[in-house]
There are 2 protein chains.
Amino acid sequence: MNLQFAILGMLAISPMNGYYLKKIFDKSVNYFWTASLSQIYRELNALEAKAYVSSAIQAQDDRPDKRVYSITDAGSAAFMAWLTHFPADLPTLKRDEFSLRIFFGARLGKDALISQFESFIAERKKIIAAMADDKEEITAVTRRVKAAAPRDKMCMRFITRRSQLTNALLISWAEDCIREIEQTPLEWE
Amino acid sequence: MNLQFAILGMLAISPMNGYYLKKIFDKSVNYFWTASLSQIYRELNALEAKAYVSSAIQAQDDRPDKRVYSITDAGSAAFMAWLTHFPADLPTLKRDEFSLRIFFGARLGKDALISQFESFIAERKKIIAAMADDKEEITAVTRRVKAAAPRDKMCMRFITRRSQLTNALLISWAEDCIREIEQTPLEWE
DNA sequence: AGGGCCATGTAACCTGTTACATGATTGA
DNA sequence: TCAATCATGTAACAGGTTACATGGCCCT
């Protein structure tokens with residue numbers, strides 16, 4: 001259901017086809033919301049069945065034809081209703097495999113445990129780097145799509161900063177954990 | 001698949017029934033991994049079909065009979081294989097509805113946006129309080145189940161601290177966002 | 001008398017992943 | 001020439017949610 005609103009939100013900015021939607025997703029909301037192409041196509045069908053979007057084939061010379069989706073009035077209304085109505089409990093689906101592994105981590109050897117934390121740090125650093133790389137492209141994409149109002153930029157800055165802060169925190173948390181493990185007596189095994 | 005390993009990990013500590021497993025989940029891994037009762041029952045069936053666990057009915061006088069599950073040798077081996085083999089990319093399913101809402105938040109009025117951040121802060125504070133409440137119960141439960149080795153406690157402390165730090169960070173992030181929204185010129189609407 | 005806890009499960013449904021199928025164009 | 005990108009979709013499967021069904025005990 002939420003993915004449908006995410007799609008509606010994008011289509012409210014500009015009409016696009018499924019393939020391009022996927023690209024936008026990967027470059028913008030990807031840090032807190034993922035979607036696969038097959039999922040996007042499925043949800044676009046569902047949205048069209050509800051008449052929240054309409055589609056039209058657009059022929060192209062050198063590339064395959066594409067089906068461009070536009071949001072309808074009913075779709076806009078549904079999107080705004082969703083956005084305005086803030087749920088009492090926002091359900092956070094929790095499936096953090098790393099925490100799960102660390103929860104049971106005492107059964108691992110000291111070195112194995114430390115190396116898992118090190119992999120975790122490496123991955124977080126990769127994410128930070130990827131975010132920096134994406135940054136220019138995101139602004140380029142959003143600029144092409146629509147001249148974003150200052151408040152649009154502000155909201156995007158909020159969620160970018162959230163990711164940056166969280167990643168930085170997690171790295172220092174993991175470093176502390178490693179230090180603590182290293183300080184435990186050798187009689188671990 | 002991962003839920004199966006989470007269940008195996010719990011059963012490796014002590015045999016238990018599905019209902020009690022759910023309680024343990026809610027009081028321990030709940031902050032980074034959730035599971036519903038029907039899911040637990042389903043996965044227990046799947047685990048038994050694979051002979052990773054075995055079960056036996058245990059009669060009780062004043063309460064309904066219960067089916068107590070124990071981990072088998074094959075189950076222990078599978079669990080340790082999973083725990084030891086750290087995946088190159090640990091797939092983080094991302095579905096953070098709050099970030100999604102804020103991403104599209106510029107279409108909301110200033111007050112509505114601020115109040116969504118305030119709800120977010122209130123919820124995070126509730127989680128922190130719930131964690132503090134649970135803390136005693138968790139240690140009581142784990143103590144009843146098994147005399148936890150110091151390194152078990154250390155690993156649990158790691159993930160608890162992670163939650164605490166993250167929550168504290170998110171609250172101060174949200175407070176900063178509110179401050180920034182308040183400082184924007186009045187010509188928002 | 002009524003609600004909450006103990007206890008187990010099934011069925012339908014929704015959401016997300018992976019694999020398959022097709023095929024032209026473009027750049028290294 | 002080979003891989004990547006553009007472009008759309010289906011099918012099967014895996015994982016998670018919600019609703020239903022049952023029923024005794026305990027406490028207020």
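**Entry 1: DNA strand D**

I began with DNA strand D, which 24 residues surround. The closest are A:Arg95, B:Met1, B:Ser38, B:Gln39 and B:Arg42. I note here that this is a predicted model.

I then looked at which part of the strand faces the protein. Sugar and phosphate make up 64% of the atoms of DNA strand D that come within 4 Å of the protein.

The side chain of A:Lys23 has an N or O atom 3.2 Å from a phosphate oxygen of DNA strand D. A:Arg67 uses its backbone: an N or O atom there lies 2.8 Å from a phosphate oxygen of DNA strand D. I found a side-chain N or O atom of B:Ser38 at 2.7 Å from a base oxygen of DNA strand D.

Which elements supply at least two residues each of the surface near DNA strand D? From chain A I listed helix H2 (18–27), H3 and strand E3 (66–71), and from chain B, H3. H3(A) has the largest share, with four residues. I sorted the surface by class and got eight nonpolar, eight polar and eight charged residues.

**Entry 2: DNA strand C**

I turned to DNA strand C, which has 25 residues around it. A:Met1, A:Ser38, A:Gln39, A:Arg42 and B:Arg95 come nearest.

The side chain of B:Gln60 places an N or O atom 2.9 Å from a phosphate oxygen of DNA strand C. For B:Lys23, I read 3.4 Å between a side-chain N or O atom and a phosphate oxygen of DNA strand C.

Chain A contributes helix H3 (37–49). Chain B contributes helix H2 (18–27), helix H3 (37–49) and strand E3 (66–71). Which of the elements gives the most to the surface near DNA strand C? I found H3(B), with four residues. By class, the residues near DNA strand C are nine nonpolar, eight polar and eight charged.

I moved on to helix H7 (residues 150–183) of chain A and helix H7 (residues 150–183) of chain B. Their axes come within 10 Å and cross at roughly 155 degrees. Angles over 145 degrees count as roughly antiparallel, so H7(A) is roughly antiparallel to H7(B). H7(A) passes H7(B) in a right-handed crossing. What classes of residue make up this contact? I read 16 nonpolar, two polar and 10 charged residues.

**Entry 3: how the chains relate**

Last, I laid chain A on chain B. A turn of 180 degrees with a shift of 0.0 Å along the axis does it, at an RMSD of 0.1 Å. The two copies are therefore related as by a two-fold rotation axis. Which residue of chain A comes closest to the rotation axis? I found A:Thr166, with its C-alpha at 3.5 Å.

Terms used:
Residues are numbered from 1 along each chain as its sequence is written. Chains are lettered from A and ligands numbered from 1 in the order in which they are written. This is a predicted model: local features need pLDDT of at least 70, side-chain atom pairs count only at pLDDT 80 or more; totals for chains, interfaces and linings use all residues. Side-chain values use heavy atoms; hydrogens and water are left out. A residue is near a molecule or strand if one of its heavy atoms lies within 4 Å of it. A polar contact is a pair of N or O atoms within 3.5 Å; within protein, one must be able to donate a hydrogen and the other to accept it, and residues adjacent in sequence count only if both atoms are side-chain atoms. Ala, Val, Leu, Ile, Met, Phe, Trp, Tyr, Cys and Pro count as nonpolar, Asp, Glu, Lys and Arg as charged, and the others, Gly among them, as polar. Axes are lines fitted to C-alpha atoms, for helices over the stretch in contact, and angles run from 0 to 180 degrees between N-to-C directions. Angles under 35 degrees count as roughly parallel, over 145 as roughly antiparallel, 65 to 115 as roughly perpendicular and the rest as oblique. A crossing is left-handed if the near helix is turned anticlockwise from the far one by less than a right angle, and right-handed if clockwise. Copies are superposed by least squares on the C-alpha atoms of residues with pLDDT of at least 70 in both.
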